[in-house]
Amino acid sequence: MKTYLSFAMAILIMAFTSPGCKRLIEVPASKSQIEVQTVFSDSTLATSALLGAYYSMTQSTVSFKYLSLYSDEYAQTSGDPSLDEFYSNQVRPDNPLNQSLWGNLFSVIYQANAIIRETSNSPLSPTLKNQLTAEAKFLRAFANFYLVELYGHIPLVISPDVQENKTAFQVDEPTIFRQIIQDLNDAKATLQPSYKGSGKVRANRWAAAALLSRVYLFQNQHQQAADEATAVISSGQYSPLGTLETIFLAASKEAILQWWATGGAIPDGSALIPAAATSVPTYVLTAGLKQAFTAVDLRGSKWIATRTISTSGNSTTYNYPSKYKNRTANSGSAEYPMALRLAEQYLIRAEALAKLQRTSEAIADVNQTRTRAGLCPLSATTSQQDCLQAIASERRLELYGEYAHRFLDLKRRGELSAILSPIKTGWKNTASNLPIPQNELIYNSNLKQNEGY
Amino acid sequence: MKKTIIFIVLATLCPILKLSAQTNNQISGRVVTANDGKALPSATINIKNSNVTVQSAKDGTFTILAKTASGTLTIRYTGYQSQEIGFNTNTKTLEIKMQEANNSFDDIQVIGYGKTTKRLNTGSISTINAKQIEEQPVTNVLSALSGRMPGVFIQTTNGLPGGNISVQIRGKGSIAAGTDPLYIVDGVPFEGASPNGTNNAVSTNNIAGNISPLNNINPSDIESINVLKDADATAIYGSRGANGVVLITTKKAKAGETQYSFNLQQGFSRAASSPKLMNLQQYLEVRREAFQNDNRIPSADPTSTNYAPDLTLWSQTEGTDWPAYLLDNTASFTDLQGSISGGKNNTTFSVSGNYRSEGAILAGVNNFQRGGIQTQLNHTSSNGKFTLNARSSLTKQSSVFANPVLNLDRSYLRPPNFPLLLANGEINWYGNSNIQAELDATSKTSTDNIISNLALSYQLLPSLSLKLNSGYTKTSYNQKLIFPSSSLPPGSLNTTSFSQNSGQSFIVEPQIDYHIRIKELSVNLMAGATYQNRTNDSQFIKANDFKVASLMEDLGSAYTIESRQNTYSHYKYASIFGRINLNLKNQYLINATIRRDGSSRFGPGNRYGNFGSIGAAWVFSNNEFIKDNLSWISHGKIRGSIGTSGNDQIGDYQYLSTYSSPGGNLYQDGVTIRPSRISNDDFHWESTTKANIGLEIGLFKEKVLLTADYYRSTSRDQLVSYSLPRLTGFSEYQANLPAVILNTGLEMSIELKIINRSNLNWSAQGNISIPKNRLLSFENFENSSYAQLYKIGEDLTRIRGYQTLGVDPATGNMIYAGQDGNASTTPFDNFTLGKLTPDFYGGFGSSLTYQNFELNVFAQFVRQQSKGDLKRLPGTGVFNNFALTYQRWTPSNRSTTVPKATLASTGVIYPNSSANVFNTSYLRLKNISLSYRFKEAFLKQIKVNSLRLYAEAQNLFTIWNSDAAVFDPESGVVSTTALGRNIPPVKTIVLGLQLNF
């Protein structure tokens, strides 16, 4: 009996595992997914993968307005607790906005790492391989710069190997900066001065140099910072500085790198610009920042909008950021979110030169943005100390609301506590780093939370 | 292939033929039913204490040859009481009238690919019948199982009609992969998982959360639901049986006069329970105290850090109870069922229709409607060898709910004095939320479901039959989430999400059953194969900026498309399986199953898996010694089983590393592609080894029935969406966890027939389950993503967080424990504070029938803990808090467990501390039903067969610690995740009328 049964079973199993039956459970390829090997064996798809990384970078720009709340630039009127945690410098490790800031930047890093790894073994042309790799390295450096500046202790992720990265340890800041500088030098060596495709939305040689000059400044390597800034400025591609109205338009003269935005409206548009004349703006300038613009400063009138709203007889005036004008897609002249621009290069060089005791050259550079804004130029006899003071003030005004410049400047100059503790109740020195997001600590127990959280 | 079978059959038949040749006393007879004299084919007739057995023919006749002049015949037929009849040389023809079995042990027990009786079943199975389902006015039939079955833990996680219901059979065996059981409707697998998955935009922004596909089954169409729990019962379903199997059998048409039947119900619902929050005066008092404690002064300036509109601008005297406003409204419902059935002799039919319309307890405009038609045709050929059962059902559902989903977890915690309108008449969007305005958002879902089954069988030889079961299921979901400008904070773009999801599945299962008898040993062999092919197509489009508010369901009116996505997946599944069942003298039983499965969800090389089980039972009450000496034991059985089953509840194509193109996400006017998944071609089946021992006892002619089971299941290689730190670029990937999870438990149930007289019947039943869950081992645990979430040796559902050591009477601050357990300024975040696995759960009830009245009462109980919804310290933020925080520390109330009011955020510590873990044990009066059946004499006058009036109540009251910071002890807290959108369950009162003529 048993023999027959096992005999019958054996036949069934044989029938079942034969090639004919194996086909029973073969399924056609998914119609909405492309396998990695396919992506990197086709020049168009491989380029699309790079554009995907740029797209993710564009998406991450929305997080930087929270850093304006975190410093002394903006206040918020929404009552949203996640925003309030930024405003009051008490970001909880489980704050979803903090989580997405971290996650989006690391997503860019993964995409860059995947491009660097996959193109190296691909059948793509050497020219395209080099181009894609160089741009990927630029994006990786850009993301790493903000991660290390905002979080302090981050892991160094330079491969797309998830198995390995999921247990990564944090490294010290100099290690991250060494990688950033190496990536930017690699990118600068390969990239051409011209831009790929239309606009200035993919990194060229000067974008790499411009970011490098910033990194050197932050590292107090003033000579290198000045040299890189000079390379960008003297390329002639971006100078002279145009009028205030043109800066944030798509492909403006001053732009060294912008991120491309659908319909010429920055992703933040609808969050920053109130919808109707009766709507209270969500993000408003702090009184301190508003007052920092003198009456003659054109930026105070061109880059700040006001809205007066009256409720039950009392009218309140709100000042809100207005560097970008387009609230929604296709609603005006195209604007792209700014990543790097010439004015910053002048201010970097000014600061570097001033530190190198070359004050008169520094004064010339800082006067570039001052005169454009309608301020009187600094006199040639300004002292080094006053010059640095003027540069700091100029950075605050010129770069307000852009890419967390204010917060990073206060942090690198060690002024966070002095500036923020009088105006933010509950300020703690440990708030100079954002908390590592809670889930990261849960899913990677090798990570350590920053002090104070 | 066919030749082999015939060869096997003939070979095994030979010994029987040889034996029969030695006999001399020929007895013939006919086996019929006692009530209507119908022939019973294939009844087993055995000469007692011999190995001579025959089966009755299709007309019920049989002929048996006895070796002895006199003796006893034993006649058995599944579902009927066994009979013993003496014979001698004078006996020529016997008319054997079989009584239907009226004790539950001889009821037919449906099992995977077959049936048996409860008495002879070797596995662990719980059953609920049509009557118990009908007593409960539920929308989703799963709700009706709640508390009724040991080992089956059912939670209503969303109380809206059609909302999700979570089912867990014998504990959580998987860390993350689906823990849904396998649903089988009339032999055909029914996709039980929500069509959207958990992270899909459609379920995330939908108040109804995940849709339970089981809503497509009309509870009144169901004859019985059997839940298969142990290896013996589930291993035949191989790779899909690890989480248990739910067999749903629909009602069969009965022969006879054409019957017309109608059932009408009308009822009302409210929320079963509501949270206790502070009232306005308490709220204002705590808030003011917080400002005072922190030496700050409330400001009316929106840009001030001390801005407190609740203290400076809003009414100080008038408040609203927001949870009640939002979720405790009266909903009414109407349910109508009708059926026509009948047929003669070989052919029966039935046609039934149903319609249900139901409101919701949610504020705003809500309506859920379901309608369906079911047709059934059964035919048996005149020689009785060929049978055909065809059934098809068509169900249409549509629901429209207000969708205040974006801030659901905050809305109900708005300060009581939050004004919906500002003084100037404008909508108050403080905190980017306004409950009334947000009710303008709508969630619309319409579902079409077709189930069509065809079962054919042919009896080739008296002992050999061939079956072919095939089925086709198609379900399409069409969802729209409409957020008009009026429902969104000013300046937001209005938006509509359109989602379509259509899945179709085809299955064919050939099967051979063979039965032989070797002396006293009855052998049943079954072999079969499955081929299933399922495709799923879905589309998602999110469109913004509709210029015409009334055209928000028109895609063409959208100015921009924010995102669009479609997915297509294809799943193929093929298996072979077999079962051998040995029965010696109805006393010793062995049941063994084997299954080999192939699934396209795994990478090449990992596609096949083998599963199997062996079960054995000893029906000791059929032992001669016990029969003679302990006759008060009417049924006794010890059974045991061990085996493995698997789980493949993961998405398709997960083994590939891919890029995808979110079409709307352009860059430089060109298309972008981004990584959508990282590969792991290494993952394979998840498997669970289940062991079970059980004891069943029936005493005093089955007046007392006791069942006890102990199980021990170990799950390995859990398929999980392994959570990754985002620094890897992803938040998850598909993997097998090298973890071993142990689920053990004890289940007991009791049924008592206390009084059993013609006009008075009183019975009671109860059950209890004591589950335990433990993470046994985890390879390289310290470096895994789970090192913080779990602990080796502890429950998988452990609640982790900070340990509080009470409130400092001097300062009013909460004291937290450091890693060493002592008070510390650096609190340790990974104490085990509790677990979500209940300590025990069960239900008990009683039925009383007196003359024409019937009363049923059923209660459910659970002892458990839950994490509460204390988000903030007393006084922090412009948010109300649970009433328990009113007992905060004050200089005059120093011995308390609630810290003092403050404005300072304590970050994640307080909400994740033991102060936010509550005992949410409850006893819920699940059901009361009272009915009156009109007397026959009266019915004859009005020419009606039966008429019944009834009243039913569901979830009428609940006993629990209502101070706990949850909405409802069953559904827990309300959160914004799709799985946590826990609208509380409803209490319902229903009046109904049932008519047959």
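Let me begin with B:Lys943, which in this predicted model counts as exposed because it has 7 other C-beta atoms within 10 Å, and a residue is called exposed when that number is 12 or fewer. B:Lys943 sits in the loop of chain B that runs between α11 (936-941) and β47 (946-954), and its phi is near 55°, a positive value in a residue that is not glycine.

Is A:Gln357 buried or exposed? A:Gln357 counts as exposed, because it has 9 C-beta neighbours inside 10 Å.

While we are looking at loops, please find A:Pro240, which is placed in the loop between α12 (222-234) and β5 (255-258) of chain A. The peptide bond that joins A:Ser239 to A:Pro240 is cis, with omega at about -5°.

Now let us turn to the interior. A:Gly103, in helix α7 (residues 96-120) of chain A, counts as buried because it has 21 C-beta neighbours inside 10 Å, and the limit for that word is 20 or more. If you follow the chain from A:Gly103 to A:Pro437, you pass along 334 residues of sequence, and yet in space the two are 9.0 Å apart, C-alpha to C-alpha.

The largest nonpolar core of the model has 135 residues, and the ones with the most contacts inside it are A:Phe138, A:Ala207, A:Ala208, A:Leu211 and A:Ile256. Which helix gives the most to this core? The answer is helix α8 of chain A, residues 126-151, which contributes 14 residues. To see one member in its surroundings, take A:Leu211, which touches A:Ala141, A:Phe142, A:Leu184 and A:Leu340, if we leave aside residues up to four places away in sequence. There is also a second, separate core, with 71 residues, and its members include B:Ala208, B:Ile435, B:Val807 and B:Phe882.

Chain B has been given a domain assignment, in which domain 1 covers 2-102, whereas domain 2 is put together from the pieces 134-253, 267-279, 319-406, 441-797, 836-871 and 911-996. Between the C-alpha centres of these two domains of chain B the distance is 42 Å.

That leaves the place where the chains meet, and here 77 residues of chain B are in contact with 84 residues of chain A. Several elements of chain B supply at least two residues each to the side that touches chain A, among them α1 (2-20), β25 (521-546) and β27 (588-599), but the one that gives the most is β26(B), with twelve residues. By type, the residues on this side of chain B divide into 35 nonpolar, 35 polar and seven charged.

Strand β1 of chain A, residues 34-35, is joined to β30(B) by two bridges, and the pair runs antiparallel. Which residues stand opposite each other here? A:Ile34 faces B:Tyr659, while the bridge partner of A:Glu35 is B:Thr658. The whole sheet is open and has three strands in the order β1(A)-β30(B)-β33(B), with antiparallel pairing. Its edge strands are β1 of chain A and β33 of chain B, each of which pairs on one side only.

Note on methods: Residues numbered from 1 in each chain as written. Chains lettered and ligands numbered in written order. Predicted model: local features only at pLDDT ≥ 70, side-chain atom pairs only at ≥ 80, totals over all residues. Core = buried A, V, L, I, M, F, W, Y, C linked by C-beta atoms within 7 Å. Helix = DSSP H or I, 4+ residues; strand = E, 2+ residues; numbered from the N terminus. Contact = placed C-beta atoms within 7 Å. Domains from an automatic or database assignment. Nonpolar A, V, L, I, M, F, W, Y, C, P; charged D, E, K, R; others polar. Pairing = 2+ DSSP bridges.
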